[in-house]
Amino acid sequence: ARPAAGSPPPPSGPWLWARWRGWVAKRTLATRLAEVIGRQHAKYLRRMLDLFESGDVEDALRHAIPLDNEVQAGLTSLALPRPRTTLAIEARGGRATSAWGLDTDLFAHLRRTYRSMFERLEAQGRLEEAAFVLAELLREDLEAVAFLERHGRLRLAAELAEGRNLPVGVQVRQWFLAGD
């Protein structure tokens, strides 16, 4: 018996083999692409960590990737990394634009590296850069607002509190302190 006109071919023979080969080809390409992207991410991370270890603060901060829960959870990005052009705090920045799948140990190492950099910058009186590490890299928005307030950067603290949608009480307090 022959299948009716317009019905799909039976699940055997050349049709099934062609579908199988197509599926395997797609998976192979995806795997190779993932390997290439993974190598690029690893190379970027190595360079970034070398910059932190060498003490090249400005370049290290430009290359640093923001950490947040999505990064730790292991979501991955196909975007190839690029250093940022500015070290300005983005009041409305919020979350990373791309997330990287990071091993838990690597995530913890990056958090320690960033925290150490924050402490060094604060001790050196480089307050804007220290606040940048808190707000943009560690994503510790409340801590960044408190830090900015403590050091008299009241307008930036208020903008950050509002832009990051911190609790209303924090926003009101910061704007009040900023005189607005």
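Predicted model: local features only at pLDDT ≥ 70, side-chain atom pairs only at ≥ 80, totals over all residues.
The buried residues of α4 are Phe107, Leu110, Thr113, Tyr114, Met117, Phe118 and Leu121. Looking down the axis of α4, these buried residues fall within an arc of 140°, so they line one face of the helix. On the face of α4 turned away from the buried side are the exposed residues Asp105, Arg112 and Ala123. Just after the helix, glycine 125 takes a positive phi of about 80°.

Now for the aromatic rings. The count comes to two aromatic pairs. In one of them, the ring centres of phenylalanine 52 and tyrosine 114 are 5.5 Å apart with the planes at 40°, so the pair is tilted. Phenylalanine 52 belongs to helix α1 (residues 14–54) and tyrosine 114 to helix α4 (residues 104–123), so this pair ties together parts 62 residues apart in sequence. Both partners count as buried, phenylalanine 52 at 6% relative accessibility and tyrosine 114 at 0%.

Phenylalanine 118 and phenylalanine 147 make an edge-to-face pair, because their planes stand at 70°, with the ring centres 5.2 Å apart. This pair, too, links distant parts of the chain: phenylalanine 118 is in helix α4 and phenylalanine 147 in helix α6 (residues 141–150), 29 residues apart. Phenylalanine 118 is buried, with a relative accessible area of 5%, and phenylalanine 147 is buried at 1%.

Methods
Residues numbered from 1 in each chain as written. Heavy atoms only, no water. Phe/Tyr/Trp six-rings, centres within 6.5 Å; stacked < 30°, edge-to-face > 60°. Helix = DSSP H or I, 4+ residues; strand = E, 2+ residues; numbered from the N terminus. Buried < 20%, exposed > 50% of the residue type's maximum accessible area, 1.4 Å probe, protein only. Arc of directions from axis to C-beta.
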